[in-house]
Amino acid sequence: MAPQILVASNRGPVSYVPRADGTLDARRGGGGLVSGLSAIGPDAGALWVCAALSDGDREAVRRGISEPGVRMLDIDAATHAAAYNGIANSVLWFVHHMLYQTPLEPVYDAEFRRQWDAYRLYNRAFAAALAAEADRGATVIIQDYHLALAPGMLRELRPDLRIGHFSHTPWAPPEYFRMLPDDIAEELLLGMLGADRLGFLTSRWRRAFQDCCQVVLGHYDGMAYWPRDQEPSFEYRIPGHQRRRTYLGVHGLGADADFLRERSRRADVDERMAALREQIGPDRKTIVRVDRTELSKNIVRGLLAYRTLLEQRPEWRERVVHLAFAYPSRQDLPVYREYTARVSQLADEINAEYGRDGWTPVILHVEDDFARSLAAYRLADVALVNPIRDGMNLVAKEVPVVSDHGCALVLSREAGAYEELRDEAVTVNPYDVTGTAEALHEALTMPTAERDERTKRLAAAATALPPHQWFLDQLHALRELG
């Protein structure tokens with residue numbers, strides 16, 4: 001029986017790793033989408049369409065190996081690299097997170113156009129697979145900036161389907177979005193508007209998308225924005241096509257409280273806590289951050305703010321430790337390797353300048369270890385979440401849920417989570433190093449009773465829309481369009 005519910009994303013719920021004997025080991029992943037799909041139950045007949053990302057994945061596809069409810073696409077490796085690294089991660093990610101050093105970049109040349117052609121092919125492969133697999137009138141939810149063109153392509157192939165798309169990143173304001181070549185900006189928006197409904201993490205990102213459509217596509221016949229309670233829409237007509245309407249919704253993905261609380265109490269987390277306590281030393285407060293070394297996470301300025309705290313507030317020397325977990329990300333891109341190296345260099349400089357026997361000011365870990373991250377959450381007196389720009393930032397939501405003794409949250413106003421958590425957080429401008437240092441001092445000196453009450457309210461806000469409900473809400477909203 002053909003599936004009635006389909007999800008499409010670059011990364012799927014499973015990956016394959018070759019064993020020494022030539023067989024393949026299937027490893028299941030986690031995350032919000034996995035939790036969300038599990039909420040509809042095993043009898044729903046859902047299908048997850050994803051890309052083969054590794055040699056093991058591609059070998060699995062060639063051998064006909066698959067997991068129930070998963071279809072993995074063996075897209076040409078060069079096409080995937082150009083689409084994923086060349087466009088998704090080096091162009092769209094940089095536009096939406098506003099990361100370009102504009103005196104030097106971007107440069108949209110012939111190589112960019114070649115990579116954009118690969119991005120089209122990549123999206124077309126997903127659209128074709130979804131069209132081939134979906135039952136009549138099925139519901140399809142496409143994920144993220146990797147597949148921004150797929151909704152429109154799928155609409156052309158299967159107008160009977162109910163199509164949704166969800167953006168897990170911020171959305172750039174028009175003045176930044178229009179750094180893209182005009183034809184590419186238009187193609188991208190029209191690809192998105194091929195969906196019946198678009199989902200965003202916050203109302204801020206939704207409004208930015210609305211503004212881009214009005215600025216970039218305003219010349220189209222009948223392009224109109226229609227407010228409708230909390231679910232606005234766009235109506236438009238492209239030459240040669242019928243008039244269409246696309247609705248825009250907001251779903252602020254929350255933390256999975258039940259999973260986090262259970263997982264954070266297992267023995268391996270207790271072991272990591274004991275090891276961290278030994279590294280920290282007795283009677284010291286902790287400032288914790290857990291991030292990938294993603295440029296938007298602003299780890300370098302966070303370390304500079306901590307150094308400023310030690311410089312301007314000498315009373316904190318030997319009384320506080322910064323647990324900085326910075327897990328390498330996208331190391332196939334030179335700018336990410338350079339950024340990761342700068343994080344390590346700066347941590348070493350702080351330790352060399354301020355360290356004493358028995359006190360290491362910065363404890364930096366670069367090897368991904370989820371149990372150790374949970375241990376740090378439990379130990380945190382202060383959580384530092386200071387991204388330049390972030391679609392949501394689940395760390396800001398997870399720490400208050402797991403915290404043992406209450407935790408003050410220092411939160412960038414540019415994180416999507418700010419929209420929900422700002423009333424209980426100490427807010428910072430992510431570019432203001434001095435201001436962030438003062439915020440760290442405020443958080444460290446927050447009275448215990450106030451910190452405990454704030455933590456409770458943060459945890460309640462953070463878990464308001466857990467992953468399973470987040471997915472179901474999108475599914476129901478699509479189906480209710482009629």
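**Overall architecture and salt bridges of the predicted model**

The structure described here is a predicted model. Along the principal axes, the C-alpha atoms of the chain occupy a box of roughly 70 × 55 × 45 Å. The secondary structure of the chain comprises 18 helices and 17 strands. Of the 482 residues, 56% are buried, and the accessible surface amounts to about 19900 Å², with 48% of this area belonging to carbon and sulfur atoms. When contacts between residues at least 6 apart in sequence are considered, 75% of them join residues that are at least 24 apart.

The chain carries 57 positive and 68 negative side chains, and the centres of these two sets lie 2 Å apart. Across the whole structure, a search identifies 37 salt bridges. Three of these pairs are described below.

Within helix α2, which spans residues 55-63, arginine 63 and glutamate 59 are four residues apart and are therefore separated by about one helical turn. Their side chains meet in a salt bridge with an N to O distance of 2.9 Å. Arginine 63 counts as partly exposed, with a relative accessibility of 42%, and glutamate 59 is likewise classed as partly exposed, at 27%. Both residues also belong to a network of salt bridges that links Asp55, Arg58, Glu59, Arg62, Arg63 and Asp74.

A second salt bridge is formed by the side chains of glutamate 133 and arginine 71, with 3.0 Å between N and O. Because glutamate 133 lies in helix α4 (residues 110-133) whereas arginine 71 lies in strand β5 (residues 70-73), this pair ties together parts of the chain that are 62 residues apart in sequence. Glutamate 133 is partly exposed, having a relative accessible area of 24%, and arginine 71 is also partly exposed, with a relative accessible area of 30%.

With a relative accessibility of 7%, tyrosine 145 counts as buried. Leaving aside residues up to four places away in sequence, tyrosine 145 touches Ala88, Asn89, Leu92, Trp93, Tyr119, Thr169 and Arg330. Between tyrosine 145 and glycine 406, which are 261 residues apart in sequence, the C-alpha to C-alpha distance is 36 Å.

Methods: Residues are numbered from 1 along each chain as its sequence is written. This is a predicted model: local features need pLDDT of at least 70, side-chain atom pairs count only at pLDDT 80 or more; totals for chains, interfaces and linings use all residues. Side-chain values use heavy atoms; hydrogens and water are left out. Helices (H or I, at least four residues) and strands (E, at least two) are DSSP runs, numbered from the N terminus. Buried means under 20% relative accessible area, exposed over 50%, partly exposed in between (1.4 Å probe, protein chains only). Contact means heavy atoms within 4.5 Å. Accessible areas come from the Shrake-Rupley method with a 1.4 Å probe; for residues, only the protein chains shown count as cover. Lys and Arg count as positive and Asp and Glu as negative; His and the chain ends are not counted. The place of a charge is taken as NZ of Lys, CZ of Arg, CG of Asp or CD of Glu. A salt bridge is a side-chain nitrogen of Lys or Arg within 4 Å of a carboxyl oxygen of Asp or Glu.
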